[in-house]
Amino acid sequence: MVKEVGWDSEKAGYDGLIEVASRLMLRRTPSDTTDAAVRILRSLFPPFLLHLYKSLVSPIGGGKLAAMMVARVTVITCQWLMGICKVNSVDLPDGSSWESGVFVERCKYLEESKCVGICVNTCKLPTQTFFKDYMGIPLLMEPNFNDYSCQFKFGVLPPLPEDDGTLKEPCLEVCPIASKRRGAASDMVIMRCPKA
């Protein structure tokens, strides 16, 4: 992430990560931010591994095996980033259900960033794109901006951007940018997060 941003935080640990993620959003369109975050995710894996997974594992059982595998790996490897999470069952559009969901009880990344735009453009959209395009696994992520939980649904395609309500969410009450905007215009109508 530091390489992509071209800057590093002086803060250590998670606080530094959030500061770099915020910087990733500066002077970029939401689309450019999402593209940068996809490049970051791709850089975490040897390219041959992604290609082999997509071509050999993802097609098995109509994608069920791959979806169930990545759900389990996500729970094992990503709690440091997201917080407590567990594998759960998700309903698929065909009426069946798979144990290919991940429920994040209270997303640490969202809670610490305090920003809908950072959630959407550096996590939700790039992660959905990464799994679909580079691992061959559809993924729908459903962050809840009220309780900070998030439901991952591996094996489920996300909606088109114009149909995704997450992209129309207003700023969080705790967002530092939103509080500045509210202070500048107390009669402002609630509108979607300008970073989303």
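Colleague: Is Thr127 buried or exposed?

Modeller: Buried means under 20% relative accessible area, exposed means over 50%, and partly exposed lies in between, with a 1.4 Å probe and protein chains only as cover. Thr127 counts as buried because its relative accessibility is 12%. This is a predicted model, in which local features need pLDDT of at least 70 and side-chain atom pairs count only at pLDDT 80 or more, while totals for chains, interfaces and linings use all residues. Residues are numbered from 1 along each chain as its sequence is written, and side-chain values use heavy atoms, with hydrogens and water left out.

Colleague: Where does Thr127 lie, and which residues does Thr127 touch, not counting those up to four places away in sequence?

Modeller: Helices (H or I, at least four residues) and strands (E, at least two) are DSSP runs, numbered from the N terminus, and Thr127 belongs to helix H8. A contact means heavy atoms within 4.5 Å; leaving out residues up to four places away in sequence, Thr127 touches Leu41, Leu139 and Met141.

Colleague: How do I read strand pairing, and with which strands does S4 pair?

Modeller: Two strands pair if DSSP finds at least two bridges between them. S4 pairs in the antiparallel sense with strand S2 (residues 97-104) over four bridges, and likewise in the antiparallel sense with strand S3 (residues 139-143) over five bridges. As individual partners, Phe103 is bridged to Gln151 of S4, while Glu142 also stands opposite Gln151 and Leu140 stands opposite Lys153.

Colleague: How many residues of S4 are buried, and how many of S3?

Modeller: In strand S4 (residues 150-154), five of five residues are buried, whereas in S3 the number is four of five. Both faces of S4 are covered, with Cys150, Phe152 and Phe154 buried on one side and Gln151 and Lys153 buried on the other.

Colleague: What should I look for in the backbone, and what is the phi of Tyr148?

Modeller: The feature to look for is a positive phi in a residue other than glycine, and for Tyr148 the value is near 65 degrees. Tyr148 sits in the hairpin of S3 and S4, which has six residues between the strands, and Tyr148 is buried because its relative accessibility is 10%. Lys114 likewise has a positive phi, near 60 degrees, and is found in the loop between H7 and H8. Lys114 counts as partly exposed because its relative accessibility is 32%.

Colleague: Which residues does Glu105 touch, not counting those up to four places away in sequence?

Modeller: Glu105 lies in the loop between S2 and helix H7 (108-113) and, with that exclusion, touches Ile84, Asp147, Tyr148 and Ser149. Glu105 is partly exposed, because its relative accessible area is 40%.

Colleague: Finally, which residues form a nonpolar patch on the surface?

Modeller: Patches are made of residues with over 30% relative accessible area and no salt bridge, where like charges are joined within 9 Å and nonpolar side chains (Val, Leu, Ile, Met, Phe, Trp, Tyr) within 5 Å. A salt bridge is a side-chain nitrogen of Lys or Arg within 4 Å of a carboxyl oxygen of Asp or Glu, and accessible areas come from the Shrake-Rupley method with a 1.4 Å probe, where for residues only the protein chains shown count as cover. Here Phe48, Leu49, Leu52 and Leu56 form a nonpolar patch, with about 400 Å² of accessible area together. Leu49 is placed in helix H4 (residues 47-57) and is partly exposed, because its relative accessible area is 39%.
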